[in-house]
Each structure stands twice: as C-alpha cells, then as structure tokens.
Amino acid sequence: MGHWLAKRRTVQHADTIQRFDPRFWTVNFPRPAMASVVTTAPDALRVDAVFQKADDLVGLIWESEDKWDHPLLSYETRRDYSRLTLSFRWRSAGVLPLDAVNGPTLTIEGRDATGNSRAWYVRLWNYATGTPSDAKVTLPFSGLSGGFLLPSEADPVHPAAIDRLFISLVPPGYGSGSGAFASTVTGWAELSEMRCQGHKPMLEIGDVMVPPHGLSMCTGYDDAYNLTPARLLRQVRGLGYRGSINHYIGMSHFFPLVPDGAGGFVVDPALPAMNAAALAWHRAFLAEANAMGHTVIASQSYELLAQHCPTDWQQRAWNGDAGRTGWSPPSALLSPANTQAMAWVRKVALAVVGLMSEAGLPVRYQVGEPWWWVTQDRRICIYDEAARAALGGNPVNIADLGASLTTAQKALLDAAGAILAQSTADLMAAVNSAAGVAGAETLLLAFLPTVLDPSMPEARRANLPVGWASPAFDTLQLEDYDWVTAGKDALRSQGRAIAEARMGYPRERQHYLSGFVLNASNAEPEWQRIDAAASEAVALGVAETFIWAQPQVSRDGYVRLPETSGDETMQSFDDVLFPLALGRDASVTPEFSTNVTITASGFERRNSLWSDARLRFDVGPGVRSEAELGELIAFFRARRGQARGFLLRDPSDFSSNGMTGTVTPGDQVIGTGDGATARFALAKHYGQSDEAQRRRITRPRAGSLRVSINGVETGNFTVEPLGVIAFATAPSAGAVVRAGFLFDVPVRFAEDRLDISGAEFAAGEAPSVPLIELREDA
C-alpha cells in the first residue's frame, strides 16, 4: 500500500453544487453555549442552539473558502457574490424573532471597493415577508444594505469581495446582561427551500471516489460539532473508507450544564445525558451512517473538560493535585472509584445505545482509554477521596511511579487496577443489558505508550489490569501513535507483544488505530510512518485497522492508495533464482540517468536524475547446452516475460566486503542510533566519504547477515522483507550500526519475447537474453 498527501485538486473528477448547499454550512459559538447544524432535506438545514447565559450567541456560517473539506473534495473559492440572490424560508422558535432589536442578523465579512477589510450588518427582517418566526427571506447581494432602519441607515454592501456570511442566533433576553439563566434555554432555526439564483450560482466541487482500501475511519464530535453529519460522512466515503466508523462522542461538547454558583458551569447528573444540539447531531449522524452502509463504534472515555467537571469526580495525586491532560484547555479524569461519576458514565452509555438502536445500527460500544492518570513527574492519581476509601482509607504514597517500588506499593497498584476493571465491567454490563436480545459488541481501547511506558514498568498493574483480559471484552483496540510518529519501532513491537500476552486477545479479536499528526508542519514524515503502521497491522491479521483521525486527514490531504491489480491475481516477484550459473561471458552494465544541457557558450550543465545506478545484464552467453536452453525457455515462460521478477546472482559483485570478499560484521555503515529507531535498511556504498554512492540491498542471502553496534557483533535482531533489520532494542543515540552480507539482485526479463535460433545456437552463437534490475526500495 502507499499514500499521497494531496495539496489541491488537479485532474481529479469534479462536479457542481448550488452555492449555499445546506451540507456545507457550519456553526460556531463561545462557551458555554452549544449548537449543531444538520441537513433535513436537499434544500434545508436546521440549527439547534443551547444557551446558558443572556449574552450567548450562536452563528450559522457560510465561508467563501472551504476550510474544512479534504483538498480532493472541497468546493472552489469564489468571493464575488455580485448579481447573486439567496432566498430561503425562515422558521424559528426559542430564539429572538426576525423583527426583534437583536434578532437574526447577517454579518457579511469582506472588503470594500478600495480593498479595505470591513463588515456589514444586514438585518434579515428588512428582507423578509411573512411573520417574525415564519418568513420568506430574499437576499439580493448587489442590492443589500446594512443598517437597522432602511433606507435612513442604509450601508450598501460591496458584494465582489466577501469572505464569510454569519447569521446570528441569540436567546430571548439577549442584551440584558451576561448573567446565567436559571435553567438552560434551547432554540432552533430552520432554513428551507434554499435557492441561489443569478450570476454564477453554482460552485465546482471535488467528486473524488477513492476505491475502497480496507481501512476504516475515526471521527470525534469534539472535532466535528461544527460540521453537518452529511459533510463529514461524504468525506469518509469519498476517501475510500468503508465498514466501521470509530466515533468518539467527546469530552467537551455533548453534555448539558448548570451554573456552578461561582461564575462557571458544571455537569449535573440529574440532567439528560446529551444536550439538545448534540442529540440532534448524533441522531442525524447515526441515521446517515447506517443509510450509507457503515456501522458505528461509539466511543466514550473517562474524560471531561476540566472546567465543567464536578470537583469530587476528579482523580487526584497524593498531594491533592487534580489529574489534568496536556490539551488546551485541559480535561480532567473521572475517578473509577467515584460512584456518582461512574453512574453518570453509564447513563451516557445507555443514551448512546438508545440512539444506535433508534438508527437501526448494531450496538458497538467502546470504552476509550480508561486509566488512572499519571502526571508528567510520574505521580499516579489514585488518591481522590473515593479512591482512598476504596483502597483501604490510607493507601501508601507512590511518589514516583518510575522508581523501584515496594511490595505494598505494587499491591496498591494491583488494587487500583481491580477498581478500574470493575468499573468497566459494570459499564459493559449496563451496555449489554440496554442492547437487549441483539446484544452488543464491547470494545476496550488502550493507548500503549502511556500504559506500557518503559520508564514506569509497574504502571500496567493499574492501567492495563488483568481484569481486562479476554473475555472481559469482545475486542481489544490498540493505539500507539506517540511511538509511531516518533519512529520508535522497537517499543511498538515490544508493546504489542506485552499487550497480547497480558490480555490474551487473538489478532482476529483486535483492532488497530494508526495516527495521528498533531502539527501540520510534521505531516510528511509522520503520515509516512502512520501509513506504514496501518499496513503492518493489516499484514498482522487484526480484524480492523483505523486511521485516527478525520480532521487531520482532511487538513493534510492524506489519501490512502488502494492495491492495484488486474483481472488475475499475480505476484509481481518470485523469490527464485535464475537457474543458470553466470560465467564471465555474461555482460553487466551499470547505468545512470543524467540530463546534460549545453549552453550557448559551449559549457555543460549536468543534472544527475538517479541517486543509484541501475544494472542491466545479458545472460545469454551463460547458456552452454541444449538442456540449459530448454531450462531458460521454461523459466522465461514461468515468469511470463517481464511480468514477474526474480533473483540473479551477479558473479562480479555479491558481497558487502569489497565485491566478492568474506563477510564481516563491520563491512558497511547502515545507520546511526538515536535511541528510538529500531529498523535499519541494508545498503552498500561505492566510493569514499561524502562522494560515496549508496546502493540499497533488498535481497540479502539467508544466513549471511552479520551485524555490529559500535563494533560489537550482535544477534539481537530479525530480518524483515526488503533487506531491513529490526533490533529488539533500539540502538542508543550515536551508536554506529554496521552490517555485512551476501546478496542477490532483483531483476526481470527486459522484453516479453525471447528470440532463439536453433541453427545459430548449434553454430555456437549465444542468444541475447537481456535482464534489468528492479528498484524495490527508494
């Protein structure tokens, strides 16, 4: 498999959409307000808003530049709205009506005729016919004016350079201050019968459909709350993802809130599991996913945005510090020993199960990354009041989880692990009960770089407890993206081995989540590693492999490329040797590709296009008898001419030591350790120092490989395909890795026909049998 980071659409398929297509509007708002937008018909959308304070404001947004879709699926940027008219039917309730002083206003952000940035505030009521809560709105952009009263306060809009449209929704009582409402206020607005007419009412949009490649996608409500489910799912399908969607319901946007009495807002277990906006969004998302043939794994974690998490629910270190993640703003970790917190988690899970059943989906429920938090200075947070009581009332202090621990400290970690495992067992029991006779698939997601951090080897007692071992869950999901993106392959291999041995889930009951790229500036190297890790998981035979996650896929233009094959399944390479021994009569020709440009003054400019020579052989002179001629013909037919590669033993160059010398473990420098990298590709160098030409060796001979680290020979490695050695432990930073080996050359026949004359062969004239070297690794 391979991948591509698409920056823009070029020759890919495109289609057209009506400008202002309901699928491509977004919402936004300041906390603690919440809102969502869903499509209700091909020409309609609905916004559900949740207001907590008198000054809350929700915006329904159309952007001239598509900032949210994958580059291959985005719509074109068009900022000129001249001679264009947008019309729709407006209906609303629970928000200020169209005729109110602070009623729905269209903010137009762009530039005036002189190019200066500015905004216009268009009162929708000025362009409406009907009632304040049910009206036809018509917006002729070349004739629009801002201002409350028209024409006395008219502020004509310049329509040729518009960046963004923003329709504001506010609660009744807006403008009376910023105080919290005694109880949450909900409202909605629907735009239907949406029409765009006039000059250039259509937009070009990417219509790419990547063939299915076998991977599945991860999404999250905290990342996609502002998009319509239809827009999100269009990207998932267009990029070749089928089957399962692993969807995290989030830790910050789905729950309702109440004032905490100190100017903030907090989760209240007496309220419903989801706020009105999240409920509407998830109903639409699950129904549309089902209609497209996806199943959904609903993921719920033991995490809550810290500013909304009840104080008593939070995990704490020995000194009372609350566990906090490194996100901004940070989230808090729920204590699995706190009965109220766990009852709330189960309540949310039951609501999710109900939504999945309502959508006609099978119930697939994941508890995501449940753990006892460990601070950056390695203090474990198992000392909140509920946990202390559950652990005997006066648990021993573990000041440093990376230090050598006493028997009592290890026993405390085992007890904490048992509490964690019991909390997830109670949660799974509730899910299974709610799923009814159809049952549920239960899944556990474990983040190995944290729970198996080698600097804290005893942490697994608490955070990968034996109570999770099979058959506690139906499926074990593993992710290790910190190790993947850092290139820590040895830790990845070790971590999987430990998790499999400790948990006992066979590969067919495992999933793998590969990703993610935190910073776009690191996209090139990190996506390469993520893609390779996904391919590795598929090869290992896990049941499903996911890419984490959709926002980064779209931001960076990641495209997973499917396998290409013809009508017939065919191996491109046969691991067999050319059957005839080559003598000195066979010809060997190394070639480079150099672009030579001669200037008008006769000087040359040379550009070397290849970093490595490519070999050509003519093995015809090696054929010495009628029997060998028959063997050659049979071998040629079995390879189907050029179709299949094979191995050739070059009699003039087959050793890492000189050309034909005896192998030693110090022959060739193949890399320098950095403390993380465990895989090194074999290579042979021709020439000295910086002028040396590097040749990748992809076909070392079995049993010939000898390896040394800083001059000391080691056998602590395995040989992977294409001449890659993998150490069980990554060489330390600065350690020089060398290798010695014998090797063969991957080649193919250069032509699809073999011209042999029996008369010429009988007369002693050798046939021409050209071969060409295969490039197997960059």
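**Ground rules.** I number residues from 1 along each chain as its sequence is written, and side-chain values use heavy atoms, without hydrogens or water. The model is predicted, so local features need pLDDT of at least 70 and side-chain atom pairs count only at pLDDT 80 or more, while totals for chains, interfaces and linings use all residues.

**Largest pocket.** I looked for pockets first. On a 1 Å grid over the protein atoms alone, a pocket is an open set of points with protein on both sides within 12 Å along at least five of seven lines, and lining residues have an atom within 4 Å of a point. A volume is the space filled by probe spheres set on the points, which are joined across faces, edges and corners. The largest pocket has about 1600 Å³. I found 50 residues in its lining, with E303, T325, W327, Y481 and F516 nearest the centre. Helix α9 (residues 481-485) gives the most, 3 residues. Helices (H or I, at least four residues) and strands (E, at least two) are DSSP runs, numbered from the N terminus. I sorted the lining into 19 nonpolar, 19 polar and 12 charged residues. Here Ala, Val, Leu, Ile, Met, Phe, Trp, Tyr, Cys and Pro are nonpolar, Asp, Glu, Lys and Arg are charged, and the others, Gly among them, are polar.

**Second largest pocket.** Its volume is about 1400 Å³. Of its 35 lining residues, Q528, A532, R679, E720 and V724 are closest to the centre. Which helix gives the largest share of this lining? I found that α11 does, with 10 residues. Among the elements that supply at least two residues each are β1 (2-5), α10 (489-503) and α11 (523-540). This lining divides into 14 nonpolar, 8 polar and 13 charged residues.

**Helix α2.** I checked residues 229-238 for burial. Buried means under 20% relative accessible area, exposed over 50%, partly exposed in between (1.4 Å probe, protein chains only). In α2, 9 of the 10 residues are buried, including P229, R231, R234 and G238. G240 follows the helix, and its phi is positive, near 90°.

**E369.** This residue is in the loop between β24 (363-368) and α5 (385-390). E369 is buried but has no salt bridge. The nearest side chain of opposite charge, R496, is 14 Å away; Lys and Arg count as positive, Asp and Glu as negative, and His and the chain ends are not counted. Beyond four places in sequence, E369 is in contact (heavy atoms within 4.5 Å) with L445, F447 and E479.

**Salt bridges.** A salt bridge is a side-chain nitrogen of Lys or Arg within 4 Å of a carboxyl oxygen of Asp or Glu. I count 44. R78 pairs with E76, with N and O 2.9 Å apart. E76 counts as partly exposed because its relative accessibility is 24%.

R89 and D134 meet at 2.8 Å, N to O. This pair links strand β7 (residues 84-93) to strand β11 (residues 134-140), 45 residues apart.

R649 bridges D744, with the closest N and O atoms 2.9 Å apart. Those two sit in separate loops, 95 residues apart. Is D744 buried or exposed? D744 is buried, because its relative accessible area is 7%. R649, at 40%, counts as partly exposed.

Conventions
1 Å grid on protein atoms, 1.4 Å probe; cavity = no way out; pocket = protein on both sides within 12 Å on 5 of 7 lines; lining within 4 Å.
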